Amino acid sequence: MGAFDYISSFCSVTSTKTSKRKPMQTVEIKVKMDCDGCERRVRNSVINMRGVKTVDINRKQSRLTVTGNVDPNRVLKRVKNTGKRAEFWPYIPQHVVYYPYASGAYDKRAPAGHVRNVAQAYPTASSNAPEEKFASLFSDDNVHACSIM
């Protein structure tokens, strides 16, 4: 059997076809929608894409949320093809940012509780923010770990 196994290893055809599926993700896009017709046009442009599971539109925030196995750049391109000006969602929740009123982070047009995602809103690795030093003095988990006493 040794010679047969040796020869069959040369003759065997292996199928190594692997499909590259995009991972499940959520794409958020800022697009201005004024009326039901605008909302319907934007929804119809992305609902028929391959891999789209759900499409949520919040007209008050001008926000489109697409969930599924999709490429974010293709979703953005599809929305732009409707004639609307669109960009990726530039805002993040305010409680996530260390310095929400840093230059460029505060935006009047941002939804309530959100600020623009900029690099100045996060502390650098070399700077030791005084707020972090004072916040670490007390621990709610271990009340006997107060370092002032």
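A search of the whole structure turns up one aromatic pair. Rings of Phe, Tyr and Trp (its six-membered ring) pair if their centres lie within 6.5 Å; planes under 30 degrees apart are stacked, over 60 edge-to-face, the rest tilted. Here the partners are Trp89 and Tyr91, edge-to-face, with 5.3 Å centre to centre and 80° between the planes.

A caution on the source. This is a predicted model, where local features need pLDDT of at least 70, side-chain atom pairs count only at pLDDT 80 or more, and totals for chains, interfaces and linings use all residues. Residues are numbered from 1 along each chain as its sequence is written, and side-chain values use heavy atoms, leaving out hydrogens and water.

Trp89 is at 10%, so it counts as buried. Tyr91 is at 5%, so it is buried too.

The charged end of Arg63 sits over its ring, 4.5 Å from the centre. The test: NZ of Lys or CZ of Arg within 6 Å of the ring centre and within 35 degrees of the ring normal.

Arg63, in E3, is the bridge partner of Asn58. E2 and E3 (residues 63-68) pair in the antiparallel sense over six bridges. Strands are DSSP runs of E, at least two residues, numbered from the N terminus; two of them pair if DSSP finds at least two bridges. Four strands make an open antiparallel sheet, ordered E2-E3-E1-E4. Its edges are E2 (52-58) and E4 (86-88), each pairing on one side only.

Definitions and conventions
Buried < 20%, exposed > 50% of the residue type's maximum accessible area, 1.4 Å probe, protein only.
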